[in-house]
Amino acid sequence: MDRELMAQTKNHNHGNTIVQDLGAATVKTIGNCGRFSRFQADSLVASVAACLRPETYPLIWNQMLAIGVKSVPVVMITGAFVGMVLAIEAFGQLSGLGFEEHLGVLINLSVVKELGPVLAAIMLAGRVGGALTAELGTMNVTEQILAVRSMGTDPIRYLVAPRLLACLLLTPILIVYADFLGVIGGYLISVPYLGINGRAYWALSASGVELWDITAGIAKGFFFGAAIAGVSCYKGFHCKEGAQGVGEACTEGFVGSFILILAIDFFLIVILKAIYESIWPIKLLL
Amino acid sequence: MQNEGIIELKGLTKRFGEIVVLNDISLTFEKGKTTVIIGPSGCGKTVLIKHIIVLLRPSGGEVYFHNQRIDNLDEKELGKVRTQMGFLFQSGALFDSMTVLENVAFPVRQHTQIKDPDKIDELVKMKLTLVGMDGFQNYYPARLSGGQRKRVALARAIALNPEVILYDEPTTGLDPIRADIINELILKTQKALGITSIVVTHDMGSACKIGDRIIMLHNGKVLVDGNADTIKNSTLPEVQRFIKGEVSEKDLEGLQVSFEDIKIDDKK
């Protein structure tokens with residue numbers, strides 16, 4: 001068994017100096033980065049090819065059902081609570097200043113631009129990403145991925161591409177659900193519960209939230225979806241043996257996706273802000 | 001006249017870190033014959049057959065299939081080569097999210113133009129009948145016993161009518177009767193379909209029953225290469241110990257030292 005041999009190899013590496021350990025860790029990190037980049041590049045190529053092969057579509061539909069449709073309730077709950085919590089928190093501060101009617105702008109702008117997309121993506125990283133890593137990780141440790149390869153099928157094309165495409169296409173749609181429920185949740189707390197004037201709430205919201213804000217929030221979904229699927233599938237494909245290996249891969253997959261979502265969000269904000277500011281003068285002229 | 005070699009290994013070497021698992025192995029596997037590779041656990045048997053289908057790349061040496069070098073091909077080119085080989089994994093490696101029918105149909109759907117569900121059903125039924133598993137089409141692997149899973153995995157391995165089947169410890173974990181069923185299936189597959197079989201096992205009974213040729217690996221090298229009689233008549237102590245299932249003096253000493261240490265520790 002090659003696993004026994006791997007274990008022997010590991011045991012062979014005892015008694016190294018700090019410099020050797022540091023060097024080995026550096027080489028390992030560079031190797032991991034290379035493997036991750038190559039995996040993502042292969043996944044991208046396989047996904048583009050999958051779009052052009054109609055026989056792959058049933059696999060994509062199946063993943064869309066598992067990843068997208070079944071995530072709708074949790075994403076809607078997340079969105080609703082984000083809107084409601086924002087309303088409660090912001091009301092205290094705005095009412096002190098006499099700006100409570102501006103609560104709608106604050107809630108809706110925060111929900112559609114930032115909190116809706118990011119929190120929905122984090123929820124998906126937990127629900128969908130965890131499931132993807134666990135499924136592929138189990139397939140890996142039970143040699144099912146090796147079996148796919150042994151039958152002459154590319155496992156990235158068969159297993160990763162449909163999952164990546166499903167995540168990529170459905171995360172923006174799920175963000176729409178989160179945004180929608182966030183807006184509803186914010187309204188229900190602000191108007192019926194806190195007694196803010198409904199007409200003023202919507203009028204100020206409409207003037208404060210632009211189509212650009214909604215579009216930017218949804219557009220982030222493509223990147224978040226790709227990050228979730230990319231990290232989770234990679235971790236599943238490269239997990240260590242045994243139940244512990246799969247468990248560790250799931251944890252690392254979620255943490256990796258989480259950090260990547262936040263990092264992508266930061267860079268997208270900077271880029272989208274620059275784009276918005278460059279087109280702002282044109283908008284004023286129009 | 002010597003039989004045609006279908007697979008050839010030239011100076012095959014595999015290292016995992018500093019450990020040399022396979023050391024300069026050169027072998028030719030004859031077409032239509034059953035070659036059994038035996039040896040103790042951890043001697044590199046599985047690593048060897050994974051090199052034949054290039055699931056592992058060698059650290060040195062070359063692998064040939066039909067006189068074409070295959071160890072240097074990319075994964076896409078290897079895909080075509082692999083469709084001419086079937087691999088039966090030790091655990092079966094059936095897809096647990098698919099039924100038996102879907103498992104056996106998988107390579108057919110992936111690599112043939114057969115799209116008609118009725119024709120696929122018929123083909124799957126034929127393969128399952130060969131391994132005595134017809135009627136289990138709608139079962140999921142979790143509902144099957146270990147022996148049944150291996151039989152379904154064999155049906156999947158022969159779904160594309162490969163020229164070569166690689167068996168990784170096919171009888172491990174099965175009771176003697178179920179193990180003999182697998183042995184019979186290997187013989188039947190080889191005789192009925194003329195398939196070249198390479199079997200990795202540490203079951204001497206199975207090796208003698210199914211093997212036209214038996215190769216024993218030890219410390220990454222070929223220790224003995226011949227038929228069942230060659231192995232049985234070998235005077236090499238490693239071979240005799242393996243046949244009789246006896247532990248070596250060195251291993252025994254190691255165990256006794258350990259127990260004595262434990263006794264001394266307890267007294268303290």
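**Chain B and a pair of its helices**

Of the 268 residues in chain B, 38% count as buried, a residue being buried if 20 or more other C-beta atoms, placed from the backbone, lie within 10 Å of its own. This is a predicted model, in which local features need pLDDT of at least 70 and side-chain atom pairs count only at pLDDT 80 or more, while totals for chains, interfaces and linings use all residues. Residues are numbered from 1 along each chain as its sequence is written, and chains are lettered from A in the order in which they are written.

Along the principal axes, the C-alpha atoms of chain B fill a box of roughly 70 × 45 × 35 Å. The secondary structure of this chain comes to 10 helices and 10 strands, which are DSSP runs (H or I, at least four residues, for helices; E, at least two, for strands) numbered from the N terminus.

Two of these elements can be followed in detail: the axes of helix 5 (residues 146–157) of chain B and helix 6 (residues 176–193) of chain B come within 10 Å and cross at roughly 10 degrees, where axes are lines fitted to C-alpha atoms over the stretch in contact and angles run from 0 to 180 degrees between N-to-C directions. Helix 5 of chain B and helix 6 of chain B are therefore roughly parallel to each other, a description used for angles under 35 degrees.

Where do the two helices meet? B:G147, B:K150, B:R151 and B:L154 in helix 5 of chain B meet B:R178, B:I181, B:I182 and B:L185 in helix 6 of chain B, contact requiring C-beta atoms, placed from the backbone, within 7 Å.

Definitions and conventions:
Angles under 35 degrees count as roughly parallel, over 145 as roughly antiparallel, 65 to 115 as roughly perpendicular and the rest as oblique. A residue is buried if 20 or more other C-beta atoms lie within 10 Å of its own, exposed if 12 or fewer, and partly exposed in between; C-beta atoms are placed from the backbone.
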